[in-house]
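Could you walk me through this model in the viewer, one selection at a time? I would like to know what to pick next and what I will find there.

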Amino acid sequence: MKNILQNNTIVLTQIRSGGTVLDSLLSLIHKKKNIEFHNFWQYVPDAGSPKELEQQFEKIYDKIALLNVKWNIRLIIPELINLNNAGYITTPVISKLFKKLVTPAVKIFLYRQDIEDWFLSYIIAEKTQVFHVNDINNNLNLDKSFDVNENEIIKFLDTLLLTKNVFNLIEDDKTVYIEYNDLLNKKIFCEELGITFTDNDNTFLETDNNGYPVKKLYSKNEKINKINNWSKISKILHNYCNYLGFNNSFFYD
């Protein structure tokens with residue numbers, strides 16, 4: 001696995017699944033250049049507006065291909081589809097991306113198994129606009145509690161279903177699956193990916209009490225306590241999960 005991850009990599013994921021942490025780990029361990037797909041046009045100075053991306057795609061691809069370091073591209077699947085629907089990119093561009101970038105690279109599917117915790121992380125980040133530990137300073141929303149409505153659940157689960165369908169469509173025998181909690185356990189992360197991660201490597205992110213370079217914003221119980229109507233809304237969430245085929249509110253059975 002170590003040799004595989006020394007190749008160029010594509011991380012396919014949904015928001016609030018640890019993508020920023022994984023990008024940092026891959027960058028540290030394999031000296032990768034991290035690229036987010038919706039910023040591709042930044043690699044071509046004269047690309048103009050995002051709507052010109054289709055015409056500029058070949059130039060952008062060539063620019064990335066010529067980088068003198070291994071790269072990692074993170075694709076947040078719902079954002080990718082939304083860019084297409086909004087007219088910023090088109091299906092032919094996405095097809096070219098997958099043909100020229102995704103297919104030859106190692107694909108990493110990053111997800112959270114616990115959909116309940118995933119939704120809590122998503123909805124609290126959306127309502128507070130605090131997405132990372134570094135965003136906490138002077139944020140007045142941190143002490144607030146919130147109500148959640150059914151439409152917010154449906155919107156979130158639709159993106160999870162889309163993400164899982166894309167995973168199923170393009171997986172192959174080289175696909176690497178990483179669950180969110182694997183990133184929070186140094187021993188498991190190292191063992192699963194076959195890498196050496198020394199104690200001196202933990203300075204690039206906020207560290208937890210065990211010295212591992214991950215510091216979560218809230219525990220699950222802390223997140224639950226921020227939702228005023230959680231008792232009611234959790235039942236609705238679980239019912240929709242079962243209806244959509246997320247049995248026991250797990251991303252994978």
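**Stop one: helix H6**

Start by selecting residues 115-128, which form helix H6: its 14 residues reach 20 Å from the first C-alpha to the last, close to the 20 Å expected at 1.5 Å a residue. Bear in mind that you are looking at a predicted model.

Is H6 buried or exposed? Of its 14 residues, 12 are buried, so the helix is largely enclosed by the rest of the structure. Colour the buried ones to see this; among them are Trp-118, Phe-119, Leu-120, Tyr-122 and Ile-123. Now show what lies over them: the cover includes strand E4 (106-111), helix H7 (150-170), H9 and H10.

Zoom in on the two ends of H6 next. At its start, a side-chain oxygen of Asp-114 comes within 3.1 Å of the backbone nitrogen of Glu-116. Just after the helix, check the backbone of Gln-129, where phi is positive, at about 60°.

**Stop two: strand E4**

Select residues 106-111, which make up strand E4, part of the cover of H6. Six of the six residues of E4 are buried. In a regular strand, side chains alternate between the two faces of the sheet.

Which strands are joined to E4 by bridges? Strand E1 (residues 9-13) runs parallel to E4 and is joined to it by four bridges; look for Leu-12, whose partner in E4 is Phe-109. Strand E5 (residues 176-179) also runs parallel to E4, again with four bridges; here Ile-108 has Val-176 as its bridge partner.

**Stop three: two long-range pairs**

Ser-219 itself is partly exposed, with a relative accessible area of 35%.

Then pick Ile-73 in strand E3 (residues 71-76). Ile-73 is buried, at 0% relative accessible area, and its C-alpha is 9.1 Å from that of Leu-101, 28 residues apart in sequence.

**Last stop: confidence**

Finally, colour by pLDDT. The mean is 77, and 64% of residues reach 70 or more. Confidence is lowest in helix H1 (residues 2-5), at a mean of 56, and highest in helix H10 (residues 230-244), at 97. Over residues 200-213 the pLDDT is below 50. Where pLDDT is low, the predicted coordinates should not be read in detail.

Terms used: Residues are numbered from 1 along each chain as its sequence is written. This is a predicted model: local features need pLDDT of at least 70, side-chain atom pairs count only at pLDDT 80 or more; totals for chains, interfaces and linings use all residues. Side-chain values use heavy atoms; hydrogens and water are left out. Buried means under 20% relative accessible area, exposed over 50%, partly exposed in between (1.4 Å probe, protein chains only). pLDDT is the predictor's confidence in each residue, from 0 to 100. Contact means heavy atoms within 4.5 Å. The expected span of a helix is 1.5 Å times one less than its number of residues. A polar contact is a pair of N or O atoms within 3.5 Å; within protein, one must be able to donate a hydrogen and the other to accept it, and residues adjacent in sequence count only if both atoms are side-chain atoms. Two strands pair if DSSP finds at least two bridges between them.
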